[in-house]
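Hi everyone, thanks for coming. Let me put it on the screen.

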Amino acid sequence: MIVPNHSQMSTQVLQLLQQQDQVIIDNGVFQLRLTNPGGKIIGIQYNGIDNLLELNNPILNGGFWDINWSEPGTAGTRGKFDEIEGNSFKVIVETEEQIELSFIRTWDPSLQGEHSPLTIDKRFIVLRDSPGFYSYAIYEHKEDMPAFNLNETRIAFMLSIEKFRYMVMADDRQRLMPHPKDRVPPRGKELAYPEAVLLVDPVEPEFKGEVDDKYQYSCENKDNKVHGFICLDPPVGFWQITPSNEFRTGGPIKQDLTSHVNPTTLAMFVSTHYGGQDFVIKFGSGEPWKKVFGPVFIYLNSVAHKHDTLSLWNDAKERMHNEVGCWPYSFPSSEDFPKADQRGAIRGRLVVCDRYISKEYLSAKGAFVGLAPPGDAGSFQRECKGYQFWTNSNDEGHFSIKNVRPGEYNLYAWVPGFIGDYRYEKSIAVSAASEVDVGELVYEPPRSGPTLWEIGIPDRSAAEFYIPDPNPQYINKLYVNQPAHRFRQYGLWERYADLYPDQDLVYTVGSSDYRKDWFYAQVTRKVGDKAFEPTTWQIKFSLDSVDQTGNYTLRIALSSSTQSILEVRVNDSEANPPHFSSGLIGSDNAVARHGIHGLYWLFNVEVAAGQLLQGENIIYLKQAWSVSALHGIMYDYIRLEAPPLSATHYLEHVLWFN
């Protein structure tokens, strides 16, 4: 049972104490201390612990909003780190029930090149008797501000190293974490990139030989609702709860960081993780833009007895569900955060029409359906400036999206089991207190003819393919006995060369099994010290006859690409130019960051009948870019379609199929 650290919550008094350089809020449950006017969190006192935060790190301390930005025209995803310091402080609300504080940093043209050109209003809210606090911020780029790139923004908390060692982000992803010192030489050895460290001489011997990498604890937006750390003595939990995804970028399955060693807990709003340069937000000179990030809730809990310590996680999950149920919150005072009665809703039904599978409409069971700013089909996954609202349809394809901010949107969707993206042809205007009924929508996934063969499952993930055991020298013990999370182990890309030291993968349709015979990522092969070569995979298949009446279609869906060139050749491994080339695509780094998917790509390759043979055929898939070990693609699904059937043959096909 979770118990408060005081006996009479209702008798507590909410107090605000202003000092020259600090602001303190105390509600009797906990005490929050912030710098004035900077708005940096330097103290959280709770349950007998003077400060839950770490203030003695060499670089980053306490809790803070930050931003990573760069000058316009800058290549890549790295920029200048800016720990946002307010230059003015204001009490917005001070009552017996609520205190809301504002720390604003206005744009100063004389600081161009030092600060991001934004006005940023950081807000903190404490409610009476509430075991935690809320934070949100309003970012604004005004017409008198210069161009710039926004790479990342978040709230970060550096927790007490002495107190917080047990990290939790899911029922099956929780563990005692290594010490921060373990990551620093000589105790730790950097691997292929700085975030991944082999623990060679850890403070506690039980961690020796493990790999620590913050990306091993990444999570999809749709599931990234609560995570944090537990202090074992006294038993105290520190949890970051995000009750809505409306202000996050990239759609529901975009992945991001959660909690990791240091100990660090993050609320990520904008980042280039698992998307690369496609997620950099580029603002033109004078481009007006405003967005509210949050509120998120920092929840504190405790138990009286140590044997109940892990129950703090179950309580945090319950609190998360309560916070989700209260969204949108009624208490934020900013007029830029619309309340429930200022929002609208949309409902409808999505069905699938694939005439080569069924003559009847199919229900879009479990479809991802969302509203996002206007764009092309699939543009939502690279959209970062606006708000997005997503849901999943029920078994009959019905969907309902509530609490939508007023605005102009497109409706987007994709359906597990089918390739491609749906986009409703009309824009949708959502206004306050409105409910838009779009009726029955029909998605016709890309299809030219009947399926001759297919590899994989069209679900935007490579998880169904063969994922090898990790090199015993590079393991995270948390995932050793968890097949569903095997892809999160470090260095799996190196196992390709172990399995295919001399010749590349060959997949034979009809006898090979993609769950065992299709490696999860097509990566480069190391051939020397910092030398790598491209890899070429083969798909062998037989045709009883070749239909000369039309073109065949090869559909290739990728779940990830990192600086790769996919070349397709049909029955001629040396064809120059190749029959198809994607060009250089992708920078999502999903291979290195244990993501199993990044951005989704779909290529539709026409194959002339004259390129195919009666009998055995081979399709060559070459990943032609090979500068490093971390270039590679992940396939989602591959299908070869015959030419379109005549009306008579189509009817016979559908009747046979049904």
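So, let's begin with contacts, meaning heavy atoms within 4.5 Å: 18 residues of domain 1 touch 16 residues of domain 2. Keep in mind that this is a predicted model, where local features need pLDDT of at least 70 and side-chain atom pairs count only at pLDDT 80 or more, while totals for chains, interfaces and linings use all residues. Residues are numbered from 1 along each chain as its sequence is written, and side-chain values use heavy atoms, with hydrogens and water left out.

The domain bounds come from an automatic or database domain assignment, which gives domain 1 as 15-170 + 224-326, domain 2 as 340-443 and domain 3 as 451-641. Taken over C-alpha atoms, the centres of domains 1 and 2 are 31 Å apart.

How much area do domain 1 and domain 2 bury between them? About 1400 Å², with 54% of it on carbon and sulfur atoms; that is accessible area (1.4 Å probe) lost when the two parts are put together, summed over both. On the domain 1 side, Glu246, Pro252 and Asp278 supply 39% of the area buried against domain 2, more than any other three residues.

Now for the charges. Four salt bridges link domain 1 and domain 2, each a side-chain nitrogen of Lys or Arg within 4 Å of a carboxyl oxygen of Asp or Glu. Asp278, one of that trio, forms a salt bridge with Arg382, and their closest N and O atoms are 3.1 Å apart.

Happy to take questions!
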